[in-house]
Structures are given as C-alpha cells and as structure tokens.
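Subject: Structure handover

Hello,

Here is the structure for you to look over. My notes on what was found follow below it.

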Amino acid sequence: MKNRLIYPLLGILFLSLSAFSFHKFYMGVFQVNYAAEKKMIQITSRIFIDDLNNGMEKKYHQKTFVGTDKETQGDLDLLKKYLSENFTVKINGQSKPITFLSKEVEAGDVLVCYSRIKDIDKFKTIEISNTILVDWNAEQQNITHISAFGTKKSVLFTESSRKELLKY
C-alpha cells in the first residue's frame, strides 16, 4: 500500500524538479585588453555556437553552420558581418574598425573569436556597444571585461543596457 503512494509522489517530485533543470543559460563572455606597447586593443569573444547560429539565422534569414563541420566561407563572411554590426568600439568618441583575426571551437560548443583594433594611442574614453544575440533572445547577457592602464572593469550588457562609456 505504501509503494502505491510513494512511487507516484516520487514521480511527481522528479518531474517538477526536472522542469527547472532544463532552463538554458544565455551568456557571452568578452575580453577587451589594451596593449599599450603594441598600440592595440585585443578582443576575445566567447559565444555559444548554437545560439550564434540561431541569432544569425533570425537576423539574416538564412541557415548558418558557424563552428560546425558544415561551415562554409559564406558562413564565415556572415559571422564577420554579424560581429562588426553588433560589437563596436569608439575611442575618444571616434568609431574604430575592428579586424577579425581568427576563431576556434572550445569545449565543443563555444566559439572563440579573436579580433583587434590597431593604432590606438593612449586614450581618455572607450565606448563599447555589445548587442551580440540580444535581439535574438531577450535573456541574453554579455559580460565584458575591459583591461586598460592597469585597471580592470567589467560591464554587463543586456537588452536594456547595450552601450557603456568608460573613462580613464
């Protein structure tokens, strides 16, 4: 008699708890380093591959396979376009072109992208706009760590906070 009551209760408990474990985490991590000796800003981006492909598909209305075995040169070109439209940097109020260098897959599901901005002398302000995947998913958060002049700052970009001005 006890088993008839316990097993259904355990089943209900398991189902209710497992419903919470299926919630996906939407986070991108970005590192922006000012290398004064090289007069360069180095940018490293870590983005989940499936989210990136879904976000680019929504924006450009075409299926992409970035970071997979099916990746094409067209996918890579679209990735460069997406990054340049959704991650921008202004130095002392002036937009600076970001050069995409390379990418690699980390841990099987994270795309790591390397970019840089050349010819950057000492600056007083840096303004970063980071809308990577924010238009695709309102829950997306992009934490961005900025290192310059011996200080480290972190900024959280979300749907409601897309741009940040840092003063040095």
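The buried residues of helix H3 pack against strand E2 (40–48), helix H2 (49–60), strand E3 (87–91), strand E5 (99–106), strand E6 (110–118) and strand E7 (125–130). Packing here is judged by contact, meaning heavy atoms within 4.5 Å. Helices (H or I, at least four residues) and strands (E, at least two) are DSSP runs, numbered from the N terminus.

First, the ground rules. This is a predicted model: local features need pLDDT of at least 70, side-chain atom pairs count only at pLDDT 80 or more, and totals for chains, interfaces and linings use all residues. Residues are numbered from 1 along each chain as its sequence is written, and side-chain values use heavy atoms, with hydrogens and water left out.

Overall layout

The chain has three helices and 10 strands. From the N terminus, the order is α-β-β-α-α-β-β-β-β-β-β-β-β. Of its 168 residues, 38% count as buried. Buried means under 20% relative accessible area, exposed over 50%, and partly exposed in between (1.4 Å probe, protein chains only). Take the contacts between residues at least 6 apart in sequence: 58% of them join residues at least 24 apart.

Helix H3

Which residues of H3 are buried? They are Asp75, Leu76, Leu78, Leu79, Tyr82, Leu83 and Asn86. These cover an arc of only 160 degrees around the axis, so they sit on the same side of H3. The arc is taken from the directions from the helix axis to the C-beta atoms.

The sheet

Six strands form an open sheet, ordered E5-E6-E2-E1-E8-E9, with mixed pairing. Two strands pair if DSSP finds at least two bridges between them. E5 and strand E9 (151–157) are the edge strands, each pairing on one side only. From one strand to the next, the twist averages 15 degrees.

Strand E1 (residues 27–35) pairs with E2 in the antiparallel sense, over seven bridges. Tyr34 stands opposite Ile41 in E2. H2 lies across E2, E5 and E6 and runs at about 95 degrees to E2. H3 also packs on the sheet, touching E2, E5 and E6, and its direction makes about 115 degrees with that of E5. For these angles, axes are lines fitted to C-alpha atoms, for helices over the stretch in contact; angles run from 0 to 180 degrees between N-to-C directions.

Two residues to look at

Ser147 lies in strand E8. Ser147 is buried, with a relative accessible area of 15%. The C-alpha atoms of Ser147 and Val32 are separated by 6.3 Å, although the two are 115 residues apart along the chain. Not counting residues up to four places away in sequence, Ser147 touches Gln31, Val32, Asn33, Tyr34 and Lys152. The side chains of Ser147 and Asn33 are joined by a polar contact of 3.4 Å. A polar contact is a pair of N or O atoms within 3.5 Å; within protein, one must be able to donate a hydrogen and the other to accept it, and residues adjacent in sequence count only if both atoms are side-chain atoms.

Gln140 sits in the loop between E7 and strand E8 (141–148). Is Gln140 buried or exposed? Gln140 counts as buried, because its relative accessibility is 2%. Its side chain makes a polar contact with that of Asn142 (2.8 Å).

Regards
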